[in-house]
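Me: I would like to learn how to read helices and a loop residue from a model of this kind. Could we go through a few features in turn?

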Amino acid sequence: MTHGPASGTPRTLFFRLSVRLALVGLVFLVVELAAVVWMYVRNPNELDQLLVTAEADRIAGDIPQMLVDGAVPEALRQPIAAGTRRAFLIHELGGGVIARFNDGDLKIADEPPASFLVIRTQRESWGQRFLLSGTRRVAVEQHPFWITVAIFGHGFQPFVPVIFNEIRFHVIFPLLLLSLMFLLFNFSVVRSTLRPLQRTITAINAIDPAQVETRIEAEASSREVAALVSAVNAMLERIERSVRALKDFAGDAAHELRTPLAVMMLSIGKLPDSPEKAKLEVDAQRMKRLVNQMLDMSHATALELDPDRRADLAAIAREVVTELTPLAFARGHSISFMDQGAVAVHGHGEAIGRALRNLVENALTHTPAGTRVEVTVGPGPQLDVRDHGPGIPEDRRTEVLQRFRRLDRSQPEGAGLGLAIVFTIMTLHGGVVRIENAHGAGARIRLVFRESGPVMRA
Amino acid sequence: MRVLLAEDNPRFANLIAEGLEAEGFVLDRFGSLSAARESVALDRYDLFLIDLGMPDGDGIDFVRAVRRAGNTTPILVITARNGLGDRVGGLDSGADDYLVKPFDMPELAARCRALLRRPGGCLGTTLNVENLEFDTIAREVRISGWVIHVPPRECDLLERLMRRAGHVVSKASLEDTMYALSSEVSPNALEAVVSRLRRRLAAEKARVVLHTAHGIGYMLASAAQTGQVERGAPR
């Protein structure tokens with residue numbers, strides 16, 4: 001399905017299979033026709049009988065009229081087969097002649113059939129020329145009649161209408177009926193055969209990219225579909241492995257970076273008080289925040305959402321504000337929390353907490369001391385952090401959501417990851433980050449989630 | 001106060017030991033969980049300090065084993081991992097608190113003291129913040145060594161805040177402890193007690209600040225050491 005619009009939509013497998021099966025049906029039809037024609041050409045006696053019977057049947061159709069006017073109708077003077085001459089004689093029960101037609105010197109001796117049971121066909125040939133004669137018994141209005149026909153002609157030409165008739169009634173008509181049934185059968189068989197494939201595609205499409213542990217149920221009905229399913233599952237397995245490897249890497253990196261950093265911080269703490277020590281402490285704090293943010297970022301990127309998991313926004317926000325309040329006071333800020341009727345959302349509570357924590361830390365970092373940071377949850381599925389700092393210019397609001405972007409690069413704290421972490425976590429939750437300038441002054445950043453109904457509180 | 005420290009990085013273990021010994025703790029250091037396990041069976045400790053990432057196993061398993069054996073000694077877990085979901089695992093295993101690397105000495109010392117001060121813990125009955133002291137047995141408040149009179153309700157409030165000094169105590173939990181028995185609590189009762197206590201502490205020149213976190217609760221902190229609080233802010 002990777003074709004561009006220029007190359008058009010590719011045909012469906014269903015269409016291609018149906019067309020091919022229909023073509024096969026058509027080939028059967030042609031082969032059957034050829035076989036029938038070949039059979040008759042190879043077996044002229046059969047054709048003789050058919051031609052005599054055809055003439056007799058046609059004459060029989062006009063018997064009632066001949067009984068009335070005693071004359072041969074004009075139309076009956078012409079034989080069926082072009083290029084032949086034909087004479088006939090009709091007897092009734094008891095030997096009486098009903099009608100007679102002679103074509104020039106082609107005459108039939110007036111002699112009733114030797115037995116009234118006789119049905120015969122006889123051929124005399126001289127090179128290409130032939131004389132056919134035969135007797136057929138017919139019933140008209142429940143009276144038996146015997147029609148004796150003599151046909152004189154040459155070559156194969158006179159038999160063409162008979163062959164044509166044969167083909168029409170014995171080949172084309174039944175074959176058309178069969179083909180129609182064959183097509184209907186194809187239609188339903190192809191469709192039911194492809195249905196597991198369709199279901200598999202639907203299942204693959206339904207996979208949530210965030211859920212790497214998802215696997216597709218194998219359809220037992222066909223080995224091909226089962227192979228496709230197991231190939232897709234093997235691919236999911238590889239993706240899951242690499243996601244897990246990424247997560248493990250984040251954890252390993254945490255260990256590797258944090259222990260030396262801890263050693264460094266404890267060592268700095270042992271130094272005698274001096275301006276250098278103070279600077280080192282600031283540097284170590286900055287590095288700690290950087291390491292934490294990088295790990296938050298890699299965890300957020302590798303996070304998997306459990307679709308059944310719900311998060312209570314009010315409880316999360318309350319916890320984050322409680323944890324960050326000492327930091328706020330230490331930096332000379334005041335902080336407030338308000339619950340305006342938040343609802344539960346589908347999501348990872350701790351990840352949402354990380355997002356909010358990064359927003360609050362950002363607000364505490366980028367606004368002057370003495371100002372207030374206000375955290376509000378609700379109404380509805382949203383979290384809101386408002387500060388009284390310089391705000392974020394409108395033309396840079398998309399930029400600040402990217403990694404390693406900072407509004408003020410001279411500002412030493414932070415790596416520019418805070419809002420990127422927020423954005424990654426919100427994207428995973430199907431939510432949005434709205435950056436606005438607050439009424440008055442300062443920035444207001446809102447995290448808006450998809451709603452998932454009321455919280456079940458214990 | 002004997003502390004068992006299980007930490008495989010010798011330099012880190014040295015720094016922790018020196019720092020805590022300067023605060024009056026006695027430390028036994030172990031470089032592996034198996035060595036620590038033997039000592040847990042033989043000796044009595046007041047506190048376990050366990051690094052989760054040890055070369056011979058996961059510290060979480062150690063914590064679980066200790067708890068399964070019926071040992072209720074406070075456990076402070078030190079971890080370099082705080083990925084989403086790691087935190088719950090640490091505390092569910094039976095640890096009392098956790099500290100994520102990197103941290104500084106005052107934070108570690110404060111966490112250790114807080115654990116030892118818990119009911120049944122071995123640390124004395126006197127809570128300190130700067131020049132403010134609270135004797136939890138005699139229910140006596142001293143500022144710079146001078147006993148001052150504090151009414152019972154303010155006393156209860158002060159004790160709660162001093163036990164969690166440097167952290168926010170929620171309004172709801174303060175109301176629960178202070179008005180457990182009275183049937184009717186006016187919405188502003190707590191605010192009134194807080195502002196009376198705040199005035200009293202200021203009048204007696206206590207070097208502490210009683211902060212209000214609007215919508216959350218209150219926090220008692222040293223007035224001089226706000227910088228310490230910042231460093232100690234847990235992530």
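Me: Which are the buried residues of H6(A)?

Reply: Bear in mind that this is a predicted model. The buried residues of H6(A) are Ala284(A), Lys288(A), Asn292(A), Gln293(A), Leu295(A), Asp296(A), Met297(A), Ser298(A), His299(A), Ala300(A) and Ala302(A). In general, an α-helix has 3.6 residues a turn, so residues three or four places apart point the same way.

Me: What span should the 28 residues of helix H6 of chain A have?

Reply: At 1.5 Å a residue, helix H6 of chain A, residues 275-302, should span 40 Å, and this agrees with its end C-alpha atoms, which are 41 Å apart.

Me: At what angle do the axes of H2 and H3 of chain B cross?

Reply: The axes of H2 (residues 33-42) and H3 (residues 59-68) of chain B cross at roughly 15° and come within 11 Å. Angles under 35 degrees count as roughly parallel, so H2(B) is roughly parallel to H3(B), and their crossing is right-handed. On H2(B) the contact is made by Leu33(B), Ala36(B), Arg37(B) and Val40(B), and on H3(B) by Gly59(B), Phe62(B) and Val66(B); these residues divide into five nonpolar, one polar and one charged.

Me: Is Pro102(B) buried or exposed?

Reply: A residue counts as buried if 20 or more other C-beta atoms lie within 10 Å of its own; Pro102(B) has 25 within that distance and is therefore buried. Pro102(B) lies in the loop between strand E7 and helix H5 of chain B, and, leaving aside residues up to four places away in sequence, touches Arg258(A), Leu261(A), Ala262(A), Met265(A) and Lys288(A).

Technical notes
Residues numbered from 1 in each chain as written. Chains lettered and ligands numbered in written order. Predicted model: local features only at pLDDT ≥ 70, side-chain atom pairs only at ≥ 80, totals over all residues. Helix = DSSP H or I, 4+ residues; strand = E, 2+ residues; numbered from the N terminus. Expected span 1.5 Å × (residues − 1). Buried ≥ 20, exposed ≤ 12 C-beta atoms within 10 Å, placed from the backbone. Axes fitted to C-alpha atoms, helices over the stretch in contact; angles between N-to-C directions. Parallel < 35°, antiparallel > 145°, perpendicular 65-115°, else oblique. Left-handed = near helix turned anticlockwise from the far one by under 90°. Contact = placed C-beta atoms within 7 Å. Nonpolar A, V, L, I, M, F, W, Y, C, P; charged D, E, K, R; others polar.
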